Amino acid sequence: HLHLPLQSGSARVLRAMQRGYTPRRFLDRLAMMRSAVPGLAVTTDVIVGFPGETEGDFGATLEVMEEAGFDGAYMFVYSPRPGTPAAAMEGQVDPAVAAERFSRLADLQQRLSLARNEEIVGREVEVLTEGPSRKDPGMATTRTRTNKVVHLPGDFPPGTFLQARIERAAPSHLIGRLVP
């Protein structure tokens, strides 16, 4: 599992954020990493509504997200922090516009996460137990080597390695069965 912060898919916004890369360089590096590590799971960070972000800039972010096909993303609506250079920038994005963009980004990432998780259905994977599920005490919460959450029926001590067959996928987790 690799966490690689994108922040924005717009070269113009990345420059305004003072990031030292372009969307193309980011995607090229991502492709190189996935080539070097087959099965690599990648998560990212994205900020929506950075000062000056236009609909075109946001569209570029959606395009990069689609091409990258991240397993998951930590997504945030920009909020000004006093004393930071961005807080004093012109072109603060209207909160309603930023919220609408965030909703579209979240919808896209849900679809991408589900597609990535569906690739694992039917496979047998090693998992590490964390403890009982918060929502269903009859299920154990575990994680794969690629940091994906897998819920398994049963009760297992935390820190136990198990083999699981993945039966179903959701955007944020997988459901599996213990392999004896």
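I take helices (H or I, at least four residues) and strands (E, at least two) as DSSP runs, numbered from the N terminus. This is a predicted model, so I ask pLDDT of at least 70 for local features and 80 or more for side-chain atom pairs, while totals for chains, interfaces and linings use all residues. I number residues from 1 along each chain as its sequence is written, and side-chain values use heavy atoms, with hydrogens and water left out.

**Entry 1: Val-150**

I looked up Val-150 and found it in strand E6, residues 149-153. Is Val-150 buried or exposed? Val-150 has a relative accessible area of 0%, so it counts as buried. The cut-offs are under 20% relative accessible area for buried, over 50% for exposed, and partly exposed in between (1.4 Å probe, protein chains only).

Next I listed its contacts, meaning heavy atoms within 4.5 Å. Leaving out residues up to four places away in sequence, Val-150 touches Val-127, Ala-140, Thr-141, Thr-142, Thr-144, Ile-166, Leu-174, Ile-175 and Gly-176. I also checked Arg-168: it is 18 residues from Val-150 in sequence and 9.6 Å away in space, C-alpha to C-alpha.

**Entry 2: the cores**

I then searched for nonpolar cores. Such a core is a set of buried Ala, Val, Leu, Ile, Met, Phe, Trp, Tyr and Cys residues joined through side-chain atoms within 4.5 Å. The largest one has 20 residues. Leu-6, Phe-26, Leu-30, Val-42, Met-65, Phe-70 and Leu-105 have the most contacts inside it. Two or more residues come from each of helix H2 (23-36), strand E2 (42-48), helix H3 (55-68), strand E3 (72-77) and helix H4 (95-118). A second, separate core has 11 residues, including Val-125, Ala-140, Ala-164 and Leu-174.

What does Phe-70 touch, not counting residues up to four places away in sequence? Its partners include Leu-6, Phe-26, Leu-30, Val-42 and Met-65. Arg-34, Gln-109, Ser-113 and Arg-116 are also among them.

**Entry 3: E2 and E3**

I checked how these strands pair; pairing needs at least two DSSP bridges between two strands. E2 and E3 run parallel and are joined by six bridges. Thr-43 stands opposite Gly-72 in E3. From E2 the chain passes through H3 to E3, a right-handed β-α-β crossover. Right-handed means that, with the strands pointing away from the viewer, the path from the first strand over the helix to the second runs clockwise.

**Entry 4: salt bridges**

My rule was a side-chain nitrogen of Lys or Arg within 4 Å of a carboxyl oxygen of Asp or Glu. The count is 14.

Arg-111 bridges to Glu-66, with the closest N and O atoms 2.7 Å apart. Arg-111 is in helix H4 and Glu-66 in helix H3, so the pair ties together parts 45 residues apart in sequence. Both ends are partly exposed: Arg-111 at 46%, Glu-66 at 39%.

Asp-71 bridges to Arg-116, at 3.3 Å between the closest N and O atoms. Asp-71 lies in the loop between H3 and E3 and Arg-116 in helix H4, so this pair also ties together parts 45 residues apart in sequence. Here both residues are buried.

Glu-130 and Arg-143 meet at 2.5 Å, N to O. This pair links strand E4 (residues 124-132) with strand E5 (residues 139-144), and its residues are 13 apart. Glu-130 is partly exposed at 40%, and Arg-143 is partly exposed at 29%.

Last, I noted a salt-bridge network that links Glu-53, Glu-55, Glu-100, Arg-101 and Arg-104.
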